[in-house]
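Biologist: Could you show me how to read the features of a model like this one, step by step?

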Amino acid sequence: MGCASSNEAKEAKGNGVSKPAGDNGEAAPDPAAPKQNPYLSLTPKDVFSLKMSWKGVRRCLEETGTSIFKLLFDAHPEYLTHYEKLKDIPKDRLYSSTPFLDYVNGVMETMDTHVTELDDAEKTHQNIKRHGKDFKKIDIADTIFKDLREPILKSLEQILGDRYTDRMRNIYEIFIDYYLKTMTDGYNS
């Protein structure tokens, strides 16, 4: 009849080859493998690992963002003067103020979207560039992107703890370098 015999089913299963409906002997095509992102020098497996790891960050977006901008503003207080809603808030209240937390949440939600949509390479790349261009509106030097690298990586390491393995450190460094370069390109376009 139309069903494969038990031995054929076991053999097909054991070889990792699936048989199509009917018994014409042809293997079903493999599902499409994820495509390499042409903008990002990470393998599809690395992108998958990044997205899975990011779930740990997603649970702490506000905490991560607060850490990033606290580290940035502590190292480069001159950037704070470009943020109209933040520049007059005393530093002892800045990091718990509503305007600061609103800004941080907006930045981190945007970054979250960019990470989770990495499989759509072109759309994500253009969105990151557009996000970089938005920084021109606050008249801030494009050096902010270079200066954000270490605060982002330190904050990710702090949030992820022992999940921030050497492999994940490498993946995040590659991604953050791509992310910040793309934002710089958007800023300068």
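Modeller: Helices (H or I, at least four residues) and strands (E, at least two) are DSSP runs, numbered from the N terminus. Here the elements run α-α-α-α-α-α-α-α from the N terminus on, with 8 helices and 0 strands in the protein. This is a predicted model, in which local features need pLDDT of at least 70 and side-chain atom pairs count only at pLDDT 80 or more, whereas totals for chains, interfaces and linings use all residues. Residues are numbered from 1 along each chain as its sequence is written, and side-chain values use heavy atoms, with hydrogens and water left out.

Biologist: Which helices do the buried residues of α3 pack against?

Modeller: Buried means under 20% relative accessible area (1.4 Å probe, protein chains only), and contact means heavy atoms within 4.5 Å. The buried residues of α3, including Leu61, Ile68 and Leu72, pack against α2 (44-58), α4 (91-94), α5 (98-116) and α7 (143-160).

Biologist: How many aromatic pairs does a search of the whole structure find?

Modeller: Rings of Phe, Tyr and Trp (its six-membered ring) pair if their centres lie within 6.5 Å, planes under 30 degrees apart counting as stacked, over 60 as edge-to-face and the rest as tilted. The search finds 10 pairs; one of them, phenylalanine 69 with phenylalanine 73, is tilted, at 5.8 Å centre to centre and 45° between the planes. Both residues are buried and lie in helix α3, 4 residues apart, about one turn of the helix. Ring pairs link Phe69 and Phe73 with Tyr83 and Tyr103 into a cluster.

Note on methods: Buried means under 20% relative accessible area, exposed over 50%, partly exposed in between (1.4 Å probe, protein chains only).
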